[in-house]
Amino acid sequence: VKNFYIFRQLCETQDDKLIKDVLKEPQERTIRRTWPVPTPHDFWCLGRCIGFSECIWRQGFTFRHLQGEHLVMLCEGIKSVEDCRGRIKTFNISLNELDIEGLSHIFDLPPLFLSKVEFINLRGNHLNVLPIPKHGFHNFTS
């Protein structure tokens, strides 16, 4: 997937059943090198779609001009789904303009969701303090 239009369109239908049906196949989905640069609202839509999906997600947002607000909205979208089923396997957000507040929202996701993350890459985000996740990751680089 190289753009967020599909996720935005799914969310704008406000039909949770449709989102579940479209993303019910338990396959691996990769999002990377998105264009145009996604908005925070796009990230909320993506988070909501992840929450409803049965998929394993690999996300690569290296050098995409993301800010903390993008991660806040992604996490809010995920948490807006009561019975979150999706799984983020890898999350590469290196070389962005992220702040500690945005990153801390990742660690506020439900423990069951966090326990499924295998790899997170934060390289080049110029963070001074990083909260340690309670539930850990298999492979964590910063």
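Predicted model: local features only at pLDDT ≥ 70, side-chain atom pairs only at ≥ 80, totals over all residues.
Trainee: How many helices and strands does the protein chain have?

Mentor: Six helices and five strands. Along the sequence the pattern reads α-α-β-α-β-α-β-α-α-β-β.

Trainee: And what share of the residues is buried?

Mentor: Of the 142 residues in the chain, 44% are buried. Take the contacts with a separation of 6 or more: 80% of them join residues 24 or more positions apart.

Trainee: New topic. How many salt bridges are in the whole structure?

Mentor: Nine. One of them pairs Arg-8 with Asp-42, at 2.6 Å from N to O. That pair links distant parts of the chain, from helix α1 (residues 5-12) to helix α3 (residues 40-52), 34 residues apart.

Trainee: Is Asp-42 buried or exposed?

Mentor: Asp-42 is buried, because its relative accessibility is 3% and the cut-off is under 20%. Arg-8 is partly exposed at 24%.

Trainee: Which residue does Lys-89 form a salt bridge with?

Mentor: Glu-28, with the closest N and O atoms 3.9 Å apart. Lys-89 sits in strand β3 and Glu-28 in strand β1, so the bridge ties together parts 61 residues apart in sequence. Lys-89 is buried, with a relative accessible area of 19%. Glu-28 is partly exposed at 39%.

Trainee: What about Glu-76, which partner does it have in a salt bridge?

Mentor: Lys-79, at 3.7 Å between the closest N and O atoms. Both lie in helix α4, three residues apart, about one turn of the helix. Glu-76 is partly exposed at 34%, and Lys-79 is partly exposed at 36%.

Trainee: Last one, cavities. How many of 30 Å³ or more?

Mentor: One. Twelve residues line it, and the closest to its centre are Ile-88, Phe-91, Ile-106, Leu-109 and Phe-113.

Trainee: Which element gives the largest share of the lining?

Mentor: α4, with three residues. The elements giving two or more are α4 (68-79), β3 (87-92) and α6 (111-114).

Trainee: And by class, what is in that lining?

Mentor: Twelve nonpolar residues, no polar and no charged ones.

Technical notes:
Residues numbered from 1 in each chain as written. Heavy atoms only, no water. 1 Å grid on protein atoms, 1.4 Å probe; cavity = no way out; pocket = protein on both sides within 12 Å on 5 of 7 lines; lining within 4 Å. Points joined across faces, edges and corners; volume = space filled by probe spheres on them. Helix = DSSP H or I, 4+ residues; strand = E, 2+ residues; numbered from the N terminus. Nonpolar A, V, L, I, M, F, W, Y, C, P; charged D, E, K, R; others polar. Buried < 20%, exposed > 50% of the residue type's maximum accessible area, 1.4 Å probe, protein only. Contact = heavy atoms within 4.5 Å. Salt bridge = Lys/Arg side-chain N within 4 Å of Asp/Glu carboxyl O.
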